[in-house]
Amino acid sequence: MSQQAIDNLTLDLEELRRLAETSKRTKVQQLLSIDIRKLETDLQNQKEQLANKEKQQQQPSDSVKPTPVSGDCKRYRVELKEYAWDQSDKFIKIFVTVNDAQQVPEESVNVEFTANSFSLLITNLNNKDFTFVVNHLLQDIDPAKSYRKVKTDMVAIYLAKVKPTKWSHLTVTAKRIADLKADQMSEKTKETEADPSAGLMKIMQQLYDSGDPETKRMLNKAWHESQNKQSELKGASFVE
């Protein structure tokens, strides 16, 4: 049990509530309501377990307690969300916005690379730890040749491509969502489905339930774009 797990659950719960507020379909609302209640229960249980654990650790012992030092203060972990990406023949370049990133020592900014993912951790920046994780990259990268640079209010992450091919999307999830949206707009889908959005919403909900932070960011973006598109179509029909 950790504060990080509680923070992640809290972020998941907030995004589910936002999805529920914008949802128009009754079935989708019901599914979201069930997931929200599950997360609320899980979050409460984890908070209680963490509180009990901290209470046990604070119980007096026969030994003399050490005097706290300035480095012992508790830091909160924050998930970073603002980023952009670009590419060249050799690298995928990720630009993560982090205010005051240049103020921490170089050793406090660490990136771990695998063949299909990376995770950024910045420790003790303004008494907080910052994380940014992307899983399921569209293609494999070379961890040994990948690296990062700290810039003003930004961390630039360079993912070395194994093959010098152009990436259509950053992750497999992003490509899957784009493909689903394309299928939804095809003429075949419009003719064979009474409600073209129902199948897409079901798949997006399943992806959200099992997804990592990057998946959730992509799904939220796709959801809002879909809602805006539906609003535009309704407005056009009234004009006609």
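Visitor: Why is Tyr 83 called partly exposed?

Guide: Its relative accessible area is 22%. Buried means under 20%, exposed means over 50%, and partly exposed lies in between (1.4 Å probe, protein chains only). So 22% puts Tyr 83 in the middle class.

Visitor: What stands behind these values?

Guide: This is a predicted model: local features need pLDDT of at least 70, side-chain atom pairs count only at pLDDT 80 or more, and totals for chains, interfaces and linings use all residues. Residues are numbered from 1 along each chain as its sequence is written, and side-chain values use heavy atoms, with hydrogens and water left out.

Visitor: What makes Phe 132 buried?

Guide: Its relative accessible area is 0%. In the protein chain, 32% of the 240 residues count as buried.

Visitor: How many aromatic pairs are there?

Guide: The count comes to 5. Rings of Phe, Tyr and Trp (its six-membered ring) pair if their centres lie within 6.5 Å. Planes under 30 degrees apart count as stacked, over 60 as edge-to-face, and the rest as tilted.

Visitor: Why is the pair of Tyr 83 and Phe 132 called tilted?

Guide: The ring centres are 5.2 Å apart, so they pair. The planes stand at 55°, so the pair is tilted. Tyr 83 lies in strand S2 (residues 83–87) and Phe 132 in strand S6 (residues 128–134). The pair links distant parts of the chain, 49 residues apart. Strands here are DSSP runs of E, at least two residues long; helices are runs of H or I, at least four; both are numbered from the N terminus.

Visitor: What makes Phe 118 and Phe 132 a tilted pair?

Guide: Their ring centres are 6.1 Å apart and their planes stand at 45°, so the pair is tilted. Phe 118 sits in strand S5 (residues 118–125), 14 residues from Phe 132 in S6. Tyr 83, Phe 118 and Phe 132 form one aromatic cluster.

Visitor: Why is S6 called largely enclosed?

Guide: Of its 7 residues, 5 are buried, so the rest of the structure largely encloses S6.

Visitor: How do you know that S5 and S6 pair?

Guide: Two strands pair if DSSP finds at least two bridges between them. S5 and S6 have 6, so they pair, in the antiparallel sense. Leu 125 stands opposite Lys 128 in S6. The two strands form a hairpin with 2 residues between them. In the turn, Asn 126 has a positive phi of about 55°.

Visitor: Which strand pairs with S6 in the parallel sense?

Guide: Strand S1 (residues 76–79) does, over 4 bridges. The bridge partner of Tyr 76 in S6 is Lys 128.

Visitor: Why are S1 and strand S4 (109–113) called edges?

Guide: Start with the sheet. Its 4 strands have the order S1-S6-S5-S4, it is open, and its pairing is mixed. S1 and S4 each have a single partner strand, so one side of each is left without a neighbour in the sheet. The twist averages 20° from one strand to the next. Axes are lines fitted to C-alpha atoms, for helices over the stretch in contact, and angles run from 0 to 180 degrees between N-to-C directions. S4 and S5 run antiparallel, joined by 5 bridges.

Visitor: What is the order of the antiparallel open sheet?

Guide: It is S2-S3-S8-S7, with 4 strands. S2 and strand S7 (147–151) are the edges, each with a single partner strand, so one side of each has no neighbour in the sheet. S2 and strand S3 (residues 91–97) are joined by 5 bridges.

Visitor: How do you know that the length of helix H2 agrees with its residue count?

Guide: The expected span is 1.5 Å times one less than the number of residues. H2 (residues 26–57) has 32 residues, so it should span 46 Å. The end C-alpha atoms are 47 Å apart, which agrees. Its buried residues include Val 28, Leu 32, Ile 36 and Leu 39. An α-helix has 3.6 residues a turn, so residues three or four places apart point the same way.
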